[in-house]
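These are my notebook entries on a single protein chain. I set down what I looked up, entry by entry, for a reader who is new to it.

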Amino acid sequence: MLCFVRSHLHAESNSLNSLMNHLLTGDQQVIPALLEQQADALSILQQRHALKLQKVQPLLTQLGAETYSDRVQATQALSGMGASIREEVIAFQKANASDPEINMRCKKILTNLLKTDTPEGDVSVVQFLMACDEVDPSIILQEQDRYTRIFERQDEAIFQSKNPQDHLEEFYRFTHQYLSIPGTREPFMAWLLTDQNRARVIGTLRMLLFEDFSSYYPLVNSENRHSYYIDQLVEKEFRGKMSEQDLTLKLKRIYDQPREAPEVAFDPLAPITPVLAYQLMNREGMKNLGDTLYEFLFEKMSPLTTDELLDLMNRQTLQGFFLQQLAKRRPDLHTALPDFILNQLNEIEYIWLWDLYAMVLIDSLQYEPERGEIDLAWERVYEIRNGAETVLAWRVEKLNLSPKIIISTFQKHASNIEKDFSDYSTALSYVLKNGDADTRAQCIDLLFGFSTFEALYYPKFSELWYALIAHPDADRQGLLAKKIAIMDKLKSKQSSLFLPQAMNESYELDRSNLLLNFYHENQTNLNHLFTQTPFSPGTIQLACLLSKNPELPAQTRALLFQKLESALHSDTLSSENQEAILIAGLHQEEIPTETWFNALLEFVCAEQDDLFDFPLWKIGPRFRVFLPQLETRLSQPNAPQIPLLSLGLLIDAHNPAWQDPIDQQLQHQAHPEQLATLIKALIIVNQEPDLSPFNPDRLTQLFAASTKEKYKQIAELFATFDTSQNKLTALRYLHPQFPEMFSSGYGIYKLSDLYYDNPKSWELAGPSLMKLLTSPSPKVINAVCSNLTGFDKLPSSALPQLESLLFSPTVTSSTKNSLLWVIAKMGQEASALTDQVRALPVRAGTMTYRKAFCLASISPDPAERLQNLLFLQQSYETDPEKTTLRQIGLLREFDQERLSFFQSLLAKAFTSEDPEIPVYHLKEILYRFANFKDPEIALQQYHQLLEELADPEFSRAKLYELSAPIFSRLQSTYPDHIQEFNAVIDALPPACKQSIHYRSIMERMDAPLVAE
């Protein structure tokens, strides 16, 4: 038995020795096998080095042997030992410098040593050492020549990916090990600061500064190609670690950058006096100091009194960025600053400095100028550059300029205005809305005289369009025709969006009243205009938007629509105008005519994009009168079945005539995107089909992700599914294809649509994904880990594999971010990993939040969990980011703390006329309510919010779109509670009922749709 054990151990040793031989010759494929026994493999590597050194001295002595053969044998043996014996050879050569034979042979050996260790051997050995969990520093020292050669060659082969963004973690490990070799710090840092790969530079510096700020910061506190980004990094993450000397040297570096000669002598080794601090900050080019340097200099300047400061300010023009800081950090100046700035505005000639002064006055000091107070100063500086600087046009409303001075100034520079029209359109809109009748007429004449307009984006296009009707100007002869002509000429990069999108927008009382007033004041002229044919684009715009207005008498709306309908026959009608006229028909209380419906059929049949980008879901039972036309079209050869069936379903969801063609399409339609359109229509009317009974061959055909393009089509299909059964059916046929899909990068992130809120999905997809985590490809592992974040929760059996990956040195930071997210969603079941997660080094901002999210979820210490939750909440307040809201919402504890935080954000949005919180952040909060342990929390919040939106006094039209995500969440997460919301949904204003989700929830309530 003992003999067997010895032979087995000997075999294992031989196996490792054989693998090590392969590694030393550059075979990287043996690294995984060596890592399985890394302690023994490292020991063999060290033993080989030690044995080599033991042989060196006898062989060196043999170089001076009596016989020629002995000298040659020693030379050959030493030449094959590798560069690690180089120092010993050099020392022996020096000791025997007087012996020509030994000197000659040492030179020959040193030359041969340069050829012995190949780049492939260097790379494979260092890659193995980088992949090990822990490496004795002595091993790094013994292999230092390999590291040095790789560094000197800048050998990218050391990293397994050609994309610099993908191998940052490997680069960090190489840096760690390389810098453990004495004497490498300065040359490495000198090289790093010239490296063109900014992500690698900043990421590496973050790591090094985190570990030893005082040693590394002096090496980077100099002028280099990455100075700006290094300063940003230090300002954001290490600002409290800089010493006064660090700050002074950084200040000197920035101060010396401008081309002009320094105004004052600045010795960084001498104390900074209060006046010097003032002079340093008031130097042109010192605008990017950052808060840390500003705080440092303002502390030095603090002994200066208000009077002393004012005296200094009056001696020399104050640089704009310094003025901003003075307004921010010296409240004792606030009384005197407005008058000081107003006086300066009459003297400053440099336009950008003038603009900074004006914005400090208005934004920082909250000064509200009287109408016209800054007119002359603005006109003077505008004329200095002959109207070439558009920045002044952006400010006219904030400066409360008189429209008369604006238009008289613009008239002098009409060619500039037309050339840069996009930059001037907001100023012209301001004039049209705020000017008197004569000024508005001059503005319209100016616009009317332009032959073309520079491309406008949709918001500016819409702003100018509504500004044209802000005043009816009924008593001004010819202005109406000019306004229509301007509307005809308005062109935009997104002009095709304006009318259809305006027709689809939620009801806005202000704009609706503008239209209504404009029509009433110009009724005679407009009615005459609407009888003219053909309709111009401007006339169609007015008629469409007026026909949508619910306050307009029904008879007038019908008349307008009748005129619009006649335009459908025009050969020159653009597709966007046709779409707008069709939408106008949906807003009519009376049933539109056959002409309109035939045009709708043509539009539906020709639609190339998503059919439901058009508000087709607004069509309901009142259109049953047109079913014969629809059935006739459906029976025609080669008629597009799916668009027509979708339209028929929305008109009469239970019509038996649809069932056979629907079944035919479900069973035989080969194009997944087409089928997705039909299923979307069925879902809207609460009739999602169950795909699981379909023939296996049919399902295999339907979900065969054979190419990237085919997968995109399949994703469009399964992203429409609502029922868990259909999601599981899709997964059943997709998960066998995961290896190819993840290797090819088929946009697999969309698979999360199938996992979400579907616990059974893990049974199908989980094992396939976990198997892929053993892939040799970092890209595949990263994609799989990102995909795992889509599951509601992973089983505890997955934890060991996740743990192994999270703490593997070969895993990228992107993958670790995903793993932290996945583990966090496991909650207390992953509490055993708390210590390891707590000790996980953080080298990037994103990982800081992920780590806090994870600890807030898995830590067994309630105080630590709460501390990390509060950190996430504070992080959002400091840097509002939607992902942070999601992390807070996904936590499974501290419901009251999270609820109060979300409620405070919603309260800010609902009490501010122009909420700072983006609407898509508010939607994220609404979705996260479904993650609270008690479903009553979400139901109560949704009810309260809908009641708020239903309040007749509610005036924040931007928030009306929040009704749609509430409808969506009620359907997906709380279908059994939908009936409880019937009354409050019914009380909502029409603007809240303009979505596909409203139609869908009404179908589930079996309630009649509200008449448009």
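The entries below go from the whole chain to single residues.

**Entry 1. Basis.** I note that this is a predicted model, in which local features need pLDDT of at least 70 and side-chain atom pairs count only at pLDDT 80 or more, while totals for chains, interfaces and linings use all residues. Residues are numbered from 1 along each chain as its sequence is written, and side-chain values use heavy atoms, with hydrogens and water left out.

**Entry 2. The whole chain.** I looked up the secondary structure and found 59 helices and zero strands. Helices (H or I, at least four residues) and strands (E, at least two) are DSSP runs, numbered from the N terminus. The C-alpha trace spans about 125 × 85 × 55 Å along its principal axes. Of the 1012 residues in the chain, 51% are buried; buried means under 20% relative accessible area, exposed over 50%, and partly exposed in between (1.4 Å probe, protein chains only). The chain exposes about 46300 Å², and carbon and sulfur atoms supply 50% of that area; the areas come from the Shrake-Rupley method with a 1.4 Å probe.

I then turned to contacts, meaning heavy atoms within 4.5 Å. Among contacts between residues at least 6 apart in sequence, 72% join residues at least 24 apart. For charge, I compared the mean positions of the 93 positive and 131 negative charges and found them 5 Å apart. Lys and Arg count as positive and Asp and Glu as negative, with His and the chain ends not counted; each charge is placed at NZ of Lys, CZ of Arg, CG of Asp or CD of Glu.

**Entry 3. Helix α29.** I asked which residues of α29 (479–489) are buried. They are Leu 479, Leu 480, Lys 483, Ile 484, Ala 485, Ile 486 and Met 487. The elements that cover them include α27 (437–448), α28 (458–468), α31 (509–521), α32 (523–530) and α33 (537–548).

**Entry 4. Aromatic pairs.** I counted 45 aromatic pairs in the structure. Rings of Phe, Tyr and Trp (its six-membered ring) pair if their centres lie within 6.5 Å; planes under 30 degrees apart count as stacked, over 60 as edge-to-face and the rest as tilted. The pair of Phe 929 and Phe 932 is tilted, because the planes stand at 40 degrees, with the ring centres 5.9 Å apart. Both Phe 929 and Phe 932 are buried.

Tyr 942 and Tyr 974 form an edge-to-face pair, 6.5 Å centre to centre with 65 degrees between the planes. This pair links distant parts of the chain, 32 residues apart: Tyr 942 is in helix α56 (935–950), and Tyr 974 is in the loop between α57 (963–973) and α58 (982–986). Tyr 942 counts as buried because its relative accessibility is 0%; Tyr 974, at 6%, counts as buried too.

I also found a cluster in which ring pairs link Tyr 147, Phe 151, Phe 171, Phe 174, Tyr 178, Phe 188 and Trp 191.

**Entry 5. Charges over rings.** I checked for charges over rings (NZ of Lys or CZ of Arg within 6 Å of the ring centre and within 35 degrees of the ring normal). Arg 185 places its charged end over the ring of Tyr 216, 4.2 Å from the ring centre.

**Entry 6. Backbone.** Most residues other than glycine have a negative phi, and most peptide bonds are trans. Where did I find a cis peptide bond? Such a bond joins Thr 533 and Pro 534, with omega about -5 degrees, and Pro 534 lies in the loop between α32 and α33.

Gln 366 has a positive phi, near 55 degrees. Gln 366 is in the loop between α21 (351–364) and α22 (375–384) and is exposed, its relative accessible area being 58%. Asp 757 likewise has a positive phi, near 55 degrees, and sits in the loop between α45 (752–755) and α46 (761–772). With a relative accessible area of 39%, Asp 757 is partly exposed.

**Entry 7. Arg 330.** Is Arg 330 buried or exposed? Its relative accessibility is 11%, so Arg 330 counts as buried. Arg 330 is in the loop between α19 (320–329) and α20 (337–345). Leaving aside neighbours within four places in sequence, its contacts include Phe 298, Met 301, Leu 304 and Gln 325.
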